[in-house]
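Dear colleague,

Please find below the structure that I am handing over to you. My findings follow after it.

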Amino acid sequence: MSRQLSTDAFQFKLQSYSPSRFLTTPKGRRMMKTVNTFKVTILCGLITILVLRGTMQAGPTLPDSITDSEVERVRVRSSARARMLAQVEEGDSSSSGGEEALTSRKSVQHEKWDPKTPYTLGPKISDWDAQRKFWNTMNPGMNKTRTGKPKLLLVSGSQPGPCGNPMGDFYYLKFLKNRIDYARIHGLEIFYNMAMFDNDMTSFWAKLPLLRKLMVNHPDVEWIWWMDSDAVFTDMTFEMPMHKYEGKNLVVHGFHNLLYEEQRWIALNTGSFLIRNCQWSLDLLDAWAPFGPEGETRVKAGKMLTAKLVDRPDFEADDQSALVYLLLFDDPKWKLKTHIEWEFYLHGYWKYLVYKYEDLMSKSRPGFGDDRWPLVTHFVGCKPCQEAVTTKLDECLAQMERAFNFADNQVLEKYGYTHRSLGSFKTQRIRKDSPDPLGLLEETLPALEKPQNSTAPKHQAKDLLQH
Ligand code: UDP
Ligand code: MN
């Protein structure tokens, strides 16, 4: 049995997909960058003025009880802050002029890629499995979690600067909180990246250099789970069935028939996937990355992908299409070690899921990860960080709030709270605080009572627990 998406559903998804990816073209991005830089400069200027004003007024507005030395400390601190802000402003304006300001003495020359040579993510590594094995032999136990499972690192990231729309930053923060909760509950390690590791690999390509850096710098980590910044865990109790993926190196959500028979560009989704830390994966990244460098290379690769993949609109190469291409037309070893997951929502398209949440809450419970309670809701195509405010974005943001609260209820329940409704960030109590939060008194009392007479006082259990 294999799941399929209807043609209508595809149209739906395609419409929501392509225009937003067009907006990530170099020209669009340059324009947005200039506008953002301008805004940040003005903001920094305003803050500087406010801080300087504060500095000048620091003396007269301080309470009488403050001593001279404290006044001096406040002055020094305030002027240091003003200086720092001025530096940020300076750094920002110099980088927008095309030059990178040096912030550290420890710096090596950025090796600019020559488009005439094949693009690489770094020096070729050919014996990574042996290197990892050696490291792990030298550091026994490091590659296991505290419960003895192979280490899994949850990774996500977003752009280094502020969002064009502050609501984007707000939801990225909420989604990060959601990831921290999921990682805590399941004993995963977590890494959130906001640095650009490779100037040529912008936008949805930024994950590739990051994954390589994480693999080679964390030999103890067995699996890396990449999750887009616009994806949220909606089943907080579902545990990844890692036993299914023995012998596989890549786990990605998709549909076999759409991929291998119909060759559709949206047969899989790269918004949430797992990749093993091994030589095969480094090789895959090496084969994947040459589609990505911004500019002519990415544009040309996009044309090739559009020609080869079914229903793909004409736009620059994206990481998802490139992976589909590799699985279909490149070395068969990619397909051999890739698990296409369709049994639960490792990625779930938000438009199919968000309107069902209330129904699920009344009929189902978390723990399934599939249609009964989706593991991940991914806001594909929403681009919450972009400035242009549209009715579509408004709907995205409203649904992001609902998805977050749907998940957050599963977290808050433990503490006796719930959101008033899925659309509200406000919460309400669902039970009164108890002097017996762990339920221990209730459980131990009957056991204590049995051998004694039935009037054994409750304080005996309390005494027992205290000693
Ligand atoms: N991203 C990143 N750094 C950047 C820009 C983007 O790490 O500078 C990541 C971010 O996690 C984002 C992902 O790339 O979610 C893919 O982009 P997006 O989600 O907008 O694409 P879509 O899922 O809509 O196709
Ligand atoms: Mn995404």
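The model is a predicted one. By that definition, the protein chain holds 16 helices and ten strands.

The chain has 467 residues, of which 45% count as buried. Its exposed surface comes to about 25400 Å², and carbon and sulfur atoms supply 58% of that area. Among contacts between residues at least 6 apart in sequence, 74% join residues at least 24 apart.

I then turned to the metal site. For comparison, ideal angles for six octahedral donors are 90 or 180 degrees. Aspartate 228 has a relative accessible area of 16%, so it counts as buried, the limit being under 20%. Aspartate 230, at 10%, is therefore buried as well.

Finally, there is the second largest pocket, with a volume of about 510 Å³. It is lined by 23 residues, and those closest to its centre are Thr145, Lys149, Pro150, His186 and Leu188. Helix 5 (166-186) and strand 3 (223-227) each supply at least two lining residues. Helix 5 gives the most, with four residues.

Yours sincerely,
A colleague

Terms used:
Residues numbered from 1 in each chain as written. Chains lettered and ligands numbered in written order. Predicted model: local features only at pLDDT ≥ 70, side-chain atom pairs only at ≥ 80, totals over all residues. Heavy atoms only, no water. Buried < 20%, exposed > 50% of the residue type's maximum accessible area, 1.4 Å probe, protein only. Contact = heavy atoms within 4.5 Å. Areas by Shrake-Rupley, 256 points an atom, 1.4 Å probe, with all protein chains shown as cover. 1 Å grid on protein atoms, 1.4 Å probe; cavity = no way out; pocket = protein on both sides within 12 Å on 5 of 7 lines; lining within 4 Å. Points joined across faces, edges and corners; volume = space filled by probe spheres on them.
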